[in-house]
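Subject: Structure handover

Hello,

Please find the structure below. My notes on it follow directly after.

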Amino acid sequence: MKPVSIFNIINNSALDVSLKTIAEKISAGERITAEDGVLLFEKGELGFLGSLANFVKEKKSGNYVFFNRNFHIEPTNICVFDCKFCSYSRLLKQKDGTWALSEEDIIKMVKKFDGVPVTEVHIVGGVHPKMGLHYFAELIKKIKEIRPDIHVKAFTAVELEYMCRKAKVSYEEGLKILKDHGQGSLPGGGAEIFDETIRKEICEDKCTTAQWLEIHETAHKLGMPSNATMLYGHIEKFEHRIDHMQRLRDLQDKTKGFNCFIPLKFRNKDNQMSDLKEVSVIEDLRNYAVSRIYMDNFNHLKAYWPMIGRTTAQLSLNFGVDDIDGTIDDTTKIYSMAGAEDQNPKLSTRELVELIKNAGRHPVERNTLYEHVKDYQEFIFPTEEIVPHS
Ligand code: V47
Ligand code: SF4
């Protein structure tokens with residue numbers, strides 16, 4: 001079912017005057033202010049926000065919903081940092097539950113996808129004290145030798161800040177080395193919440209807000225696009241979410257280098273913030289909607305389905321989301337360890353396409369840069385072969 005049209009919303013005489021003014025701005029294509037954004041969070045009901053977000057989404061990407069074919073490599077969960085929300089990292093000295101893949105292991109993982117039409121490898125992990133810039137640059141080079149066609153999206157700003165510091169190079173020099181070895185873009189992790197007071201409470205020791213923004217700005221200048229995330233639903237308030245989006249919106253005005261915005265819902269299993277209750281699905285949808293409305297210079301809004309689950313991801317397609325990431329092989333642990341819905345995050349292309357079509361949207365496989373790879377609207381999957389039992 002489609003949300004009510006924005007014009008019916010504006011003409012509703014019972015609507016709060018301040019919300020009506022915001023709705024009029026959105027319908028006229030005007031940018032809304034930080035105060036407007038906070039007000040939407042405070043007063044906007046789910047249906048109202050959905051209608052506005054849907055209007056913005058359809059102006060940007062029509063009825064399309066994108067996905068990509070990718071796989072994840074998590075080189076290690078050993079991490080020098082101690083983010084309070086993290087369920088995944090372990091210290092080097094810990095014996096249990098740690099892993100650190102060798103170069104050989106990683107190459108094997110890549111080779112497993114020989115002949116499989118994946119377009120992207122996503123490489124993100126803990127910040128290992130002994131895996132440095134030059135090691136990772138050589139690794140990327142080897143991956144590209146095996147799969148020259150694949151786009152390498154790798155390393156959060158947190159990993160990059162540490163690598164550059166250890167290698168005693170500037171962000172520009174470090175990123176240039178990685179780019180010259182074949183890295184194409186940066187994922188959006190490590191952003192968490194930019195407000196310095198909240199950031200200090202939840203992830204005091206890792207890269208600062210200013211460093212995160214500087215690394216992404218430098219990448220954009222070098223022609224490496226990136227994504228941006230926001231960790232929400234913990235101790236932050238609505239104004240912190242809007243402040244976070246505002247800083248990203250400002251940088252995007254300057255560089256136009258962000259591909260998409262990805263709100264990440266805080267999951268509370270087995271971490272130092274486990275006493276916090278997780279926010280509701282309604283709040284997830286409201287957050288997607290306000291993000292879509294506020295981030296007017298971001299072309300895409302991604303719902304990361306392994307984290308929120310397939311059902312919420314499907315619902316989000318009527319609340320501003322136009323991307324549900326990829327067909328991820330069973331290789332990502334950061335979310336399953338934090339209590340994500342999908343403990344085995346794997347969806348076939350057929351399942352993804354059905355999920356999108358059942359929401360009334362038009363499925364398109366994209367590459368990392370959102371170029372269309374294949375249109376699935378009219379595609380008929382071959383009937384599955386019946387394999388006889390032996
Ligand atoms: O920065 C860690 C988050 C991020 C928890 O660019 C948690 O396409 C919720 O970079 N609850 C890293 N979130 C992941 C990342 C990413 C993910 C998906 C898509 C893309 C992309 C990038 O994971 C961290 C942090 O914000 N995270 N622990 C947790 N308990
Ligand atoms: Fe390390 Fe990332 Fe976990 Fe923070 S979120 S402790 S940087 S793995």
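His362 is buried, with a relative accessible area of 17% (buried means under 20% relative accessible area, exposed over 50%, partly exposed in between, with a 1.4 Å probe and protein chains only). His362 belongs to strand E10 (residues 362-366); helices (H or I, at least four residues) and strands (E, at least two) are DSSP runs, numbered from the N terminus. The side chain of His362 makes a polar contact with that of Asp375 at 2.8 Å. A polar contact here is a pair of N or O atoms within 3.5 Å; within protein, one must be able to donate a hydrogen and the other to accept it, and residues adjacent in sequence count only if both atoms are side-chain atoms. Setting aside neighbours within four places in sequence, His362 is in contact (heavy atoms within 4.5 Å) with Asn63, Tyr64, Val65, Ile356, Asp375 and Gln377.

This is a predicted model, in which local features need pLDDT of at least 70 and side-chain atom pairs count only at pLDDT 80 or more, while totals for chains, interfaces and linings use all residues. Residues are numbered from 1 along each chain as its sequence is written, chains are lettered from A and ligands numbered from 1 in the order in which they are written, and side-chain values use heavy atoms, with hydrogens and water left out.

Glu378 lies in the segment after strand E11 (372-375) and counts as exposed, at 69% relative accessibility.

Domains

The protein chain is divided into domain 1 (6-60) and domain 2 (62-375), with bounds from an automatic or database domain assignment. Their contact takes 21 residues from domain 1 and 32 residues from domain 2. The C-alpha centres of the two domains lie 29 Å apart.

About 2,300 Å² is buried between domain 1 and domain 2, and carbon and sulfur atoms give 64% of that area. Buried area is the accessible area (1.4 Å probe) that two parts lose on being put together, summed over both. On the side of domain 1, Arg31, Phe41 and Lys57 lose the most area to domain 2, together 36% of what that side buries.

Across the interface there are 12 residue pairs in polar contact, both residues at pLDDT 80 or more. Helix H3 (34-43) and helix H4 (46-61) are the elements that give two or more residues to the side of domain 1 that touches domain 2. H4 gives the most to that side, with 10 residues.

Salt bridges

The structure holds 25 salt bridges, a salt bridge being a side-chain nitrogen of Lys or Arg within 4 Å of a carboxyl oxygen of Asp or Glu. The count between domain 1 and domain 2 is 3.

Arg31 is partly exposed, at 34% relative accessibility. Arg31 forms a salt bridge with Asp253, the closest N and O atoms being 2.8 Å apart, and another with Asp296 at 2.9 Å, N to O. The second pair links distant parts of the chain, 265 residues apart: Asp296 in the loop between H12 and strand E8 (300-301), Arg31 in the loop between H2 and H3. Asp296 is also partly exposed, at 26%.

Arg361 and Glu58 meet in a salt bridge through their side chains (2.8 Å, N to O). Arg361 lies in the loop between helix H15 (349-358) and E10 and Glu58 in helix H4, so the pair ties together parts that are 303 residues apart in sequence. Arg361 is buried at 1% relative accessibility, whereas Glu58 is partly exposed at 33%.

Tyr294

Tyr294 is found in helix H12 (residues 281-294) and is buried, at 0% relative accessibility. The side chain of Tyr294 reaches the backbone nitrogen of Ala34 at 3.3 Å.

Cysteines

A search of the whole structure finds 0 disulfides (a disulfide is a pair of cysteine sulfur atoms within 2.5 Å). For Cys164, the nearest cysteine sulfur, that of Cys207, is 11 Å away. The sulfur of Cys260 is 18 Å from the closest cysteine sulfur, in Cys207, too far for a bond.

Regards
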